[in-house]
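Welcome! Here is a short briefing to read alongside the structure. Take a moment to turn the model around before you start on the notes.

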Amino acid sequence: MNGVFIGLGSNLADPIEQVITAIEALQSIPETKLVAQSSLYASPPMGPQDQPDYINAVVELSTELSAHKLLDQLQVIEQQQGRVRLRHWGERTLDLDIIVYGEQVIDDERLHIPHKGLADRSFVLYPLAEIATNLTIPKFGNIADLVQNCSRAGLNKINLDLI
Ligand code: ROI
């Protein structure tokens with residue numbers, strides 16, 4: 001099963017480290033392989049502005065797990081990394097979201113796939129475009145058009161060599 005994309009985000013407790021550690025942890029999920037990973041990006045918060053900037057990235061997985069089983073695994077990793085979420089749309093230690101799961105469209109109490117807020121989120125679209133240039137996303141269309149219609153303002157690729 002190909003074309004599973006996970007968005008990573010953190011703005012607490014050393015966010016760069018959180019994201020790097022999470023990408024490592026994703027590689028230990030059963031029946032799952034890491035196919036590609038984007039650069040890390042710094043982005044201003046969407047939501048309340050009195051919170052730190054985020055670090056974001058997107059990875060592609062290939063997995064035999066269903067979307068719901070994969071979500072279970074992502075939630076384990078969030079918990080392992082001491083996930084705290086202080087308020088709605090507020091700061092968090094680690095967010096792992098299934099952005100796209102192949103051609104599937106899922107809307108239930110646990111999952112909305114493709115991720116509902118996709119089209120407005122530069123911190124998802126630009127890293128996604130970096131690793132999936134020709135992706136077509138169910139309900140949304142192709143990644144190139146999405147990126148064209150979403151401002152990149154404030155989004156900065158991180159050069160890990162400088163850190
Ligand atoms: N803002 C940015 N920049 N990056 C995120 O990952 C992120 N995640 C969220 C909210 C609170 C919507 N804002 C964000 O969940």
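This is a predicted model: local features need pLDDT of at least 70, side-chain atom pairs count only at pLDDT 80 or more; totals for chains, interfaces and linings use all residues.

A polar contact is a pair of N or O atoms within 3.5 Å. Keep that cut-off in mind as you look at the ligand, where a nitrogen atom is 2.8 Å from a polar backbone atom of Pro 44.

**Around the ligand**

- The ligand is surrounded by a set of residues that includes Gly 9, Ser 43, Pro 44, Pro 45, Met 46 and Tyr 54.
- Also among the residues around the ligand are Asn 56, Trp 89, Arg 92, Asp 95, Arg 121 and Phe 123.
- Ser 43 places a polar side-chain atom 2.8 Å from a nitrogen atom of the ligand.
- Asn 56 has an N or O atom in its side chain that lies 2.8 Å from an oxygen atom of the ligand.
- The ligand taken alone exposes 350 Å², and the protein buries 95% of that area.

**The largest pocket**

- The largest pocket holds about 820 Å³ of space.
- How many residues line the largest pocket? The lining has 37 residues, and those nearest the centre are Arg 92, Asp 95, Asp 97, His 115 and Arg 121.
- By type, the lining divides into 17 nonpolar, nine polar and 11 charged residues.
- At least two lining residues come from each of β1 (4-10), β4 (54-63), α2 (67-80), β5 (95-101), β7 (112-113) and α3 (122-131).
- Strand β5 gives the largest share of the lining, with five residues.

**A closer look at Arg 92**

- You can find Arg 92 in the loop between α2 and β5.
- Is Arg 92 buried or exposed? Its relative accessibility is 9%, so Arg 92 counts as buried, since buried means under 20%.
- The side chains of Arg 92 and Asp 95 are joined by a polar contact of 2.6 Å.

- Helix α3 is largely enclosed by the rest of the structure, because eight of its 10 residues are buried.
- The buried residues of α3 are Ser 122, Phe 123, Val 124, Leu 125, Tyr 126, Pro 127, Leu 128 and Ile 131.
- In helix α2 you will find Ile 77, which is buried with a relative accessible area of 4%.
- From C-alpha to C-alpha, Ile 77 and Leu 61 are 15 Å apart in space, and they are 16 residues apart in sequence.

Conventions
Residues are numbered from 1 along each chain as its sequence is written. Side-chain values use heavy atoms; hydrogens and water are left out. On a 1 Å grid over the protein atoms alone, a cavity is a set of points where a 1.4 Å probe fits but cannot get out, and a pocket is an open set with protein on both sides within 12 Å along at least five of seven lines; lining residues have an atom within 4 Å of a point. Grid points are joined across faces, edges and corners, and a volume is the space filled by probe spheres set on the points. Helices (H or I, at least four residues) and strands (E, at least two) are DSSP runs, numbered from the N terminus. Ala, Val, Leu, Ile, Met, Phe, Trp, Tyr, Cys and Pro count as nonpolar, Asp, Glu, Lys and Arg as charged, and the others, Gly among them, as polar. Buried means under 20% relative accessible area, exposed over 50%, partly exposed in between (1.4 Å probe, protein chains only). A residue is near a molecule or strand if one of its heavy atoms lies within 4 Å of it. A polar contact is a pair of N or O atoms within 3.5 Å; within protein, one must be able to donate a hydrogen and the other to accept it, and residues adjacent in sequence count only if both atoms are side-chain atoms. Accessible areas come from the Shrake-Rupley method with a 1.4 Å probe; for residues, only the protein chains shown count as cover.
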